[in-house]
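Biologist: I should like to learn how to read helices and strands in a model. May we work through one example together?

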Amino acid sequence: MAGRSFVPVFQGCRSFHSVNRTFRYAIRTRVFSNGTIPPLNEPLPNLPAPGMVGGTDRQNRHDHVTHVTNLQNGIRVASEDSFGQFSTVGVVIDAGSRYEVDYPAGLSHVLEKLAFQSTIEFQNNDDFTQELEKFGGMADCSSFRDAIIYGSSCFTSGLPTVMKVLSEGVLQPRLTDQEIEEQKMVVQFELENIEMRPDPEPVLTDMIHAAAFRDNTLGLPKLCPAENIGKFNSSILQDYLRTYYQPSRMVIAGVNVDHQHLIDLTNEYFFKKPPVWHKGGEKSASPDQSIAQYTGGIIKDHRAEPRINPGPTPLPELAHLSIGLETCHYDDPDFFAFTVLNTMMGGGGSFSAGGPGKGMYSRLYLNVLNRYHWIYAATAYHHSYADSGLFCIHGSSHPSQLRDLTQVLVKEYFNLVNGSVNEVEVARAKKQLQSMLMMNLESRVIVFEDIGRQVLGLNKRKSAQELFQSIENVTVDDIKRVSSRMLATKPSVAALGNLVNLPKFEDIQRAFSNGGHFSGASHFFRFRN
């Protein structure tokens, strides 16, 4: 409406320049009596404060408070109000690959693909899709080491439909033989696709976890081993669901929903109707309560022939190495210091696009990628769980220089305690981490997952302000202290490719005990020191 008041002013204008002059004149004469424009950081004079649509109640809806309610059957309902026409809601379950010790490895991977297939109410995935499309919605399922997440987004008016779809997908899957066989083929194709990718990060992440937590909990593979695909059937999958899909292990999380409405819908769709695997009088097996045991060690996948890199200009033959150390669980006081350390180490590929905020001043860029031209990638990762954590550096080089790559990565670990850590790089890492946090929390889907995971793990949710301040409180002394803490643990090593030149694990372990120094270091590496 405000734009219409300017229409008469533009009548008779014959050029862009005359329109521009007229517009600027109109702004000065209509808004500011003295003909000057105030700075943009000052409020406009003589203008009333904007009113809040809907009054005080509407204002309170956007206070970004996460409401959490424990229902009678053990399900926790958590929600945060937001703005816009869309809502995101889903189920976060305390399940995943870490709980597969009594089952064939890879079950969660297969279960993820079987989500939203067929139930009594929906005959196939197309029925699910058509029901959600009425409200502009979609649904998906993702499995992790410590959680399985079913999520959906739709128009706010479609919340009852989405809750019905989620209930059917989570609690009423039919898991027919045909569906299972079809999704086994999907898993097989996904594994083949990962093998064709030039970046083996998913495989290397599985391997470094297997080395760090050998044969227990977090060390169990997230990706289904190819040899296990044929082992799954409806009976095994139903038994896993019966054991781990219990109400006390579920969080219903929602963003841009009314909390009481979400509670009512949860009671209707997740409480009144029993799951398909529930049989009267039959008790569920007790879930695995094992605590992650960090072991350290090495996992190798030696391949004499180079990996297939399709394309007109395939990448050169590479060997991939990851070296990890134990850190802390996500409720540990040192958690935020480790996250800042991870950002400070940073890293990426030799051909990563640079620019502000891309981590070009991180240690792995400055000390590794910019210094050793033969290293194709070096990236730091920090994985944190309910009972342990893992900090690791992934690196890639030609197989002939794998020994030098190992020495470079170990050296970078010990530079944290033997070298200086200055205020500038820590402050830069904190600001980069804080900005990434705040930008990610602009996404409704990420807020949904954050709410679900925090309530599942901590039984509460820390606000963005709390997280921001916790990052800000990290000091240089904290970085030095947590670096010493993780270097006191046994190293974990994962290597993929032609590993003829990989040092023995005993040599790597001896180097960690000897301040990062290898016996018989190459002449080239000595020169670069």
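Biologist: What distance should the 12 residues of helix α9 span, and how far apart are its end C-alpha atoms?

Modeller: Bear in mind that this is a predicted model. At 1.5 Å a residue, helix α9 (residues 259–270) should span 16 Å, and its end C-alpha atoms are 16 Å apart, which agrees. At the start of α9, the backbone nitrogen of Gln260 has a side-chain oxygen of Asp258 within 3.3 Å.

Biologist: Which residues of α9 are buried, and what covers them?

Modeller: An α-helix has 3.6 residues a turn, so residues three or four places apart point the same way. In α9 the buried residues are His259, Leu262, Ile263, Leu265, Thr266, Tyr269 and Phe270. Their cover includes the strands β1, β2, β3 and β6, together with helix α5.

Biologist: In what order do the strands form the sheet?

Modeller: Strands of a sheet pair through backbone hydrogen bonds, either parallel or antiparallel. Here six strands make an open sheet of mixed pairing, in the order β1-β2-β6-β3-β5-β4. The edges are β1 (67–70) and β4 (138–143); each has a single partner strand, so one side of each lacks a neighbour in the sheet. On average, neighbouring strands of this sheet are turned by 15° against each other, direction ignored.

Biologist: How many bridges join β2 to β6, and how many pair β1 with β2?

Modeller: Strand β2 (residues 76–80) runs parallel to β6 (residues 250–255), and five bridges join them. Within this pairing, Ala78 stands opposite Ala253, and Glu80 has Val255 as its bridge partner. β1 and β2, by contrast, are antiparallel, with four bridges; His67 stands opposite Ser79 of β2. Their hairpin has five residues between the strands, and Gly74 adopts a positive phi near 105° there.

Biologist: Are the residues on the faces of β2 buried or exposed?

Modeller: In a regular strand the side chains alternate between the two faces of the sheet. Both faces of β2 are covered: Arg76, Ala78 and Glu80 are buried on one side, and Val77 and Ser79 are buried on the other. Five of the five residues of β2 are thus buried, so the strand is largely enclosed by the rest of the structure.

Biologist: Which strands does helix α5 lie across?

Modeller: Helix α5 (residues 159–171) lies across β3 (86–93), β5 (148–155) and β6, and runs at about 155° to β5. Helix α5 is also among the elements that cover the buried residues of α9.

Terms used
Residues numbered from 1 in each chain as written. Predicted model: local features only at pLDDT ≥ 70, side-chain atom pairs only at ≥ 80, totals over all residues. Heavy atoms only, no water. Pairing = 2+ DSSP bridges. Helix = DSSP H or I, 4+ residues; strand = E, 2+ residues; numbered from the N terminus. Axes fitted to C-alpha atoms, helices over the stretch in contact; angles between N-to-C directions. Contact = heavy atoms within 4.5 Å. Buried < 20%, exposed > 50% of the residue type's maximum accessible area, 1.4 Å probe, protein only. Expected span 1.5 Å × (residues − 1). Polar contact = N/O pair within 3.5 Å; in protein donor to acceptor, adjacent residues only side chain to side chain.
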